[in-house]
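The exercises below are meant to be worked through with the sequence and the coordinates side by side. Try each task before reading its solution.

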Amino acid sequence: AFKAGRKVIVTVDEAQIYMHVGLFGLTDPYCVVSLGKEKQKTHVVKKTLKPEWHQNFSFTINDMNDQTVHFDVKDAGDEETTDDVLGQGTYDASQLVLNQGRAAAITLR
């Protein structure tokens, strides 16, 4: 487990979307990453089922009881529609110590 005040860097690299949505079967995906009360998001990648973001996000562990990183991949809607959830997943940040910071693939449901 991490101590309070410790920084965690989360890198969101890419996704593979298996569900087809939208008029042409493509999505405009982005990923919302949250840890505790902090929330950040990637840029939107237009018209793809294989978005690549390669974005780093820095979070501070403030609550020793909440070290779960949440990932929500969404399809950006337009002004008239809401953003659809394409998948959600979590990762226990305390596992980063055990994995020595190595990359982890997360299956979203």
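**Exercise 1.** Which residue of β6 is the bridge partner of Asp75?

Solution. Before starting, note that this is a predicted model, in which local features need pLDDT of at least 70 and side-chain atom pairs count only at pLDDT 80 or more, while totals for chains, interfaces and linings use all residues. Residues are numbered from 1 along each chain as its sequence is written, and side-chain values use heavy atoms, with hydrogens and water left out. Strands are DSSP runs of E with at least two residues, helices runs of H or I with at least four, both numbered from the N terminus. Asp75 has Asp84 as its bridge partner in β6. The pairing of β5 with strand β6 (residues 84-92) is antiparallel and comprises 8 bridges; two strands pair if DSSP finds at least two bridges between them. Strand β5 (residues 68-75) also runs antiparallel to strand β2 (residues 29-35), to which 7 bridges join it, and there Val32 has Asp72 as its partner in β5.

**Exercise 2.** Determine how Thr42 is placed, and which polar contacts its side chain makes.

Solution. Begin with the location: Thr42 belongs to the loop between β3 and β4 (52-60). Its relative accessibility is 4%, so Thr42 counts as buried (under 20% relative accessible area; exposed is over 50%, partly exposed in between, with a 1.4 Å probe and protein chains only). Next, look across the chain: 5.6 Å separates the C-alpha atoms of Thr42 and Tyr30, which are 12 residues apart in sequence.

**Exercise 3.** Is Ser34 buried or exposed, and which residues does it contact beyond four places in sequence?

Solution. Ser34, a residue of strand β2, has 11% relative accessibility and therefore counts as buried. With neighbours within four places in sequence set aside, Ser34 is in contact (heavy atoms within 4.5 Å) with Lys39, Phe59, Thr68, Val69 and His70.
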